[in-house]
Amino acid sequence: MKTQVCIIGGGPSGLMLSQLLHLKGIDTIVLERQSREYVLGRIRAGVLEHGFAELMREAQCGERMDREGEIHHGFHIAHGGRLDRIDLHKYSGGSSVVVYGQTELTRDLYEARDRMNGAVIHNAEDVQPHDLTGSRPHVTYRKGDEVVRIDCDFIIGADGFHGVSRKSIPRDVLREYEKVYPSGWLGLLSRTRPVWPELVYARHERGFALCSLRSQVLSRYYIQVPLSDSVEDWSDEAFWAELKRRLPAEVADKLETGPSIEKSIAPLRSFVAEPMRYGNLFLAGDAAHIVPPTGARGLNSAASDIYYLYHAMLRHYQDGDSTGLDQYSEKALARVWKAQRFSWWMTMLLHTFPDTIAYDRRLQDTELAYLFSSEAAQRSLAENYVGLPF
Ligand code: APR
Ligand code: PHB
């Protein structure tokens, strides 16, 4: 087989790039290791920054998001028994975020690819990129006993944190930066009314908690748990009781509980791989960087990679100008690190870790007191939360 751009990974990053390039007449093949049912069964985060929502519209995939997603102009931080609000709209120059599940967004992208007869190959085993720095870049994969070869101009590594693409960059070229936090988030999805109209991030001495939502009848809640805990350690009753303890009374009193539809634990990890380009291979999204979910930056960090790659590919194919491709890694990493900084900051502000000493806790108190006494501090939070410009 032959294509212009071979994309490894059929998550939001890979699908979005494939869709955008297709609309400009650039041919792609997406190779996904899992079945579609598996990919669409994963529950992921649910806050889209303004820029990502725009990209969905540009990709002609924004219709359901615009119909069913909720626009949020602010969120709350609960701390010390108080419930303070961050006015995103006021402090970000009129911007906002869209609450829309990443699982639904992935479904929309798959449907768009199908509508346009896009090539998305599921259950592709042993995917392997080859000749990254040579003149014949290609990707091989196995389907049953058959090994298939795809010749291409470029390979995109959009295969998430555990993918094969990053690992194919030689060790003496790749630099990895990692910070692992000693906790995870236990998430629970339930068919209940959201406790609060906007998201509530809660700092509490028993640990962090978050009240989020997918719609007016579907809620998503999280509590910080030790890394050693597993989902089986937490019955639904135990989850609800612990969540209530970590929320201020005015919120806890309104909490509607019910059976869980899904429960899972996500580790808190910050990670960046540099460079994001090696020869004809370009990394994008979780394949190159991970953030703890606290600042809702995961998908949004991927969005700028896709935006830069898309425009760089357009310039290459339409004008024969490869400046954008040459600058991709540096440009993408500059924004990636800002999302890392913000996610780390919000994580450290709101979590109590086993190694958080009394001094750190007083600093957290002070940081929160400063935040809610300073318009400049709230402006800084808001501009990062709605997303820095691409
Ligand atoms: N071959 C082919 N596909 C692979 C391989 C492989 N060797 N390894 C992984 N994949 C697939 C995964 O099954 C997954 O569907 O690549 C896809 C990567 O998707 P994501 O992990 O969702 O990563 P990405 O598309 O970059 O999405 C950005 O933002 O909010 C965060 O983590 C969240 O997924 C989200 C991410
Ligand atoms: C979610 O709804 O899953 C969610 C929202 C905000 C975050 C993280 C996760 O910061």
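This is a predicted model: local features need pLDDT of at least 70, side-chain atom pairs count only at pLDDT 80 or more; totals for chains, interfaces and linings use all residues.
In which strand is aspartate 126 found? Aspartate 126 is found in strand 9, which covers residues 125-130.

## Backbone geometry

Aspartate 126 has a phi near 45 degrees. That value is positive, and the residue is not glycine. Most residues other than glycine have a negative phi, and most peptide bonds are trans.

A peptide bond also deserves a look. The bond from glutamate 274 to proline 275 is cis. Its omega is near -5 degrees. Proline 275 is found in a loop. That loop runs between strand 17 and strand 18, the latter at residues 277-278.

## Two domains

The chain is divided into domain 1 and domain 2. Domain 1 takes in residues 5-72, 96-178 and 269-349. Domain 2 takes in residues 181-268 and 352-386. Their C-alpha centres lie 28 Å apart.

Where do the domains meet? On one side, 30 residues of domain 1 are in contact with domain 2. On the other, 26 residues of domain 2 take part. The area buried between the domains is about 2400 Å². Carbon and sulfur atoms give 63% of that area.

## The side of domain 1 that touches domain 2

How many salt bridges link domain 1 and domain 2? The count is 0. Polar contacts are present, with 8 residue pairs counted between the domains, both residues at pLDDT 80 or more.

Several elements each supply at least two residues of the side of domain 1 that touches domain 2. The strands are strand 3 (47-49), strand 4 (70-72), strand 7 (97-99) and strand 17 (260-274). Helix 10 (323-350) belongs to the group too. The largest share comes from helix 10, with 9 residues. By residue type, this side of domain 1 divides into 14 nonpolar, 9 polar and 7 charged residues.

## Salt bridges

A search of the whole structure finds 30 salt bridges. One of them joins the side chains of glutamate 63 and arginine 67, at 3.4 Å from N to O. Side chains of opposite charge can pair when their charged atoms come close.

Both partners lie in helix 4, residues 63-68. Glutamate 63 and arginine 67 are 4 residues apart, which is about one turn of the helix.

## Ligand 1

Which residues come nearest to ligand 1? They are Ser13, Glu32, Arg42, Arg44 and Asp286, out of 24 residues around the ligand.

Side chain and backbone both approach ligand 1 with polar atoms. A polar side-chain atom of serine 13 lies 2.7 Å from an oxygen atom of ligand 1. For leucine 299, a backbone N or O atom lies 3.1 Å from an oxygen atom of ligand 1.

## Ligand 2

Ligand 2 is surrounded by 14 residues. The closest are Tyr201, Ser212, Arg214, Tyr222 and Pro293.

Definitions and conventions. Residues are numbered from 1 along each chain as its sequence is written. Chains are lettered from A and ligands numbered from 1 in the order in which they are written. Side-chain values use heavy atoms; hydrogens and water are left out. Domain bounds come from an automatic or database domain assignment. Contact means heavy atoms within 4.5 Å. Buried area is the accessible area (1.4 Å probe) that two parts lose on being put together, summed over both. A salt bridge is a side-chain nitrogen of Lys or Arg within 4 Å of a carboxyl oxygen of Asp or Glu. A polar contact is a pair of N or O atoms within 3.5 Å; within protein, one must be able to donate a hydrogen and the other to accept it, and residues adjacent in sequence count only if both atoms are side-chain atoms. Ala, Val, Leu, Ile, Met, Phe, Trp, Tyr, Cys and Pro count as nonpolar, Asp, Glu, Lys and Arg as charged, and the others, Gly among them, as polar. A residue is near a molecule or strand if one of its heavy atoms lies within 4 Å of it.
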